[in-house]
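The sequence and structure are shown first.

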Amino acid sequence: ISYLLIAINCCHTLLLMNSENTQIIKKFNIVIHGASSFTGQIILEYFLDNYPPNERLKWAISGRNYEKLNALLKKMISERSLDIKIPIIIADSYDRASIDDLTMSTDVILSTVGPYAKYGSELVLACAKNGTDYCDLAGESQWIQKMINKNQQIAEQTGARIIHACGFDSIPFDIGVFALQKYAIEKLGAPLKKVTTLVKAMRGGASGGTIASILNIIDETKNNRDLAKSVSDPYALNPPDKKTGPDKRDEKTYKYHSKLKTWVAPFIMAGINTRIVRRSNALLGYMYGDNFSYTEFTDCGKNTKGRLKAILINASLGLFFLFSTFSTTKKHIVQRFLPKPGEGPDKKNRIDGFFKLKVYGETQSSDKLSMTITGDQDPGYGSTSKMISETALCLAVDEITISGGFWTPASALGEKLLKRLEQNAGLRFKVDESL
């Protein structure tokens with residue numbers, strides 16, 4: 001019995017030591033996963049230029065190919081004349097052991113490896129299991145919904161905070177609505193019942209990753225009616241008990257917006273952005289109201305010129321989705337002429353790019369507010385890379401009080417991320433008192 005008690009005590013001591021070691025194993029604050037990808041390289045540049053590793057911020061990079069990652073690091077460090085060493089972790093999306101090792105080594109994973117429905121599921125599961133915070137650039141609503149359904153309870157138990165859609169899709173829209181609603185509540189005493197965001201202008205190359213994600217959504221839904229129905233649900237990403245509201249299915253054609261007095265066309269990423277914003281409202285305890293309505297469009301302008309632009313955009317989107325539905329046209333037209341994952345604009349075009357959004361809101365009593373949101377680089381790569389980087393840093397080093405689970409940028413990071421975006425990422429959120 002004495003020997004048995006000693007053995008039990010030793011086992012207990014080892015368990016405690018292992019528990020302590022679990023904390024010690026977290027060698028890094030952040031790991032940039034997929035650092036050799038096109039977007040990953042821009043993120044790596046951003047970290048090297050603005051957040052070189054030190055005693056207070058330890059970060060590493062990861063991916064499948066050591067030689068490629070090492071050559072990339074040497075080149076970038078040499079160009080900047082830095083005297084630093086960045087650890088490299090080898091991990092493969094389909095190798096569970098390597099993904100487990102990766103997630104147990106860091107506080108936060110920043111993932112650029114998409115399309116996420118193809119390459120991201122094991123990584124999200126590992127983060128949920130190992131209590132590791134996570135952010136990505138996913139715009140695939142069907143995959144995000146799947147990840148929430150499979151891993152929400154696990155993340156709640158371990159304390160992992162998981163945030164999807166942390167690039168141009170959907171941070172400016174989600175944080176913009178959050179900031180405008182907060183202002184409305186403080187100044188007008190009530191939230192905005194209806195909010196519409198117009199994409200006023202953009203300059204920059206189309207994102208090959210975003211295109212690949214859209215093509216993957218089309219492939220997954222065209223022969224699956226249940227999935228297609230789920231994707232079309234405007235409240236698909238809301239928690240199970242909060243899937244109701246006034247919004248209907250996404251707009252699929254151009255129209256004249258009588259309240260805003262302009263011609264509008266469907267915005268291609270409204271399908272993910274609107275669902276993220278609605279989920280934020282639900283997770284924030286209906287901060288925007290339980291009858292909150294949210295829509296997004298591309299602003300085409302007034303008069304005949306605006307109408308013609310709206311018709312052209314609508315026709316172009318229609319052809320894109322039509323050609324993407326059939327394998328032959330997808331292969332020989334869409335995939336041939338549009339950017340592929342890993343392709344994108346050069347540095348000059350990224351820096352010369354920009355975006356401008358206008359958010360309009362109205363309270364129940366018809367009080368009106370608007371906000372202008374601008375970004376100082378092209379939305380798909382330059383601004384996106386800064387946005388997700390600041391999201392990862394916010395998770396890693398700021399005091400975030402939320403518990404484990406699947407969150408949105410606004411519901412998880414709110415004002416802290418807003419401040420980071422304005423101070424560091426070249427975004428501006430300016431409230432106008434009236435229309």
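Asp398 is partly exposed, with a relative accessible area of 23%, whereas Arg420 is buried at 13%; buried denotes under 20% relative accessible area, exposed over 50%, and partly exposed the range in between (1.4 Å probe, protein chains only). The model is a predicted one, in which local features need pLDDT of at least 70, side-chain atom pairs count only at pLDDT 80 or more, and totals for chains, interfaces and linings use all residues. Residues are numbered from 1 along each chain as its sequence is written, and side-chain values use heavy atoms, with hydrogens and water left out.

Asp398 and Arg420 form a salt bridge, a term that requires a side-chain nitrogen of Lys or Arg within 4 Å of a carboxyl oxygen of Asp or Glu. Asp398 lies in the loop between α15 and β13 (405-407) and Arg420 in helix α16 (residues 409-424), so the pair ties together parts that are 22 residues apart in sequence. Helices (H or I, at least four residues) and strands (E, at least two) are DSSP runs, numbered from the N terminus.

By this rule there are 20 salt bridges, including the following.

| Salt bridge | Closest N to O distance |
|---|---|
| Lys330 and Asp219 | 2.9 Å |
| Asp398 and Arg420 | 2.9 Å |

Lys200 belongs to strand β7 (residues 192-203) and Asp299 to strand β10 (residues 293-301), so their bridge ties together parts 99 residues apart in sequence. Lys200 is partly exposed at 33%, while Asp299 is buried at 9%. Lys330 in helix α13 (residues 327-337) and Asp219 in helix α9 (residues 208-221) link distant parts of the chain, 111 residues apart. Here Lys330 is buried at 13% and Asp219 is partly exposed at 30%.

Helix α15 (residues 379-397) contains Ser389, which is buried with a relative accessible area of 0%. A polar atom of the Ser389 side chain lies 2.7 Å from the backbone oxygen of Ser385. Beyond its neighbours within four places in sequence, Ser389 is in contact (heavy atoms within 4.5 Å) with Ile43, Tyr46, Phe47 and Leu110.

Tyr46 and Phe47 also belong, with Tyr51 and Trp59, to a cluster linked by ring pairs; rings of Phe, Tyr and Trp (its six-membered ring) pair if their centres lie within 6.5 Å. The count of aromatic pairs under this rule is 14.

Note on methods. Polar contact = N/O pair within 3.5 Å; in protein donor to acceptor, adjacent residues only side chain to side chain. Phe/Tyr/Trp six-rings, centres within 6.5 Å; stacked < 30°, edge-to-face > 60°.
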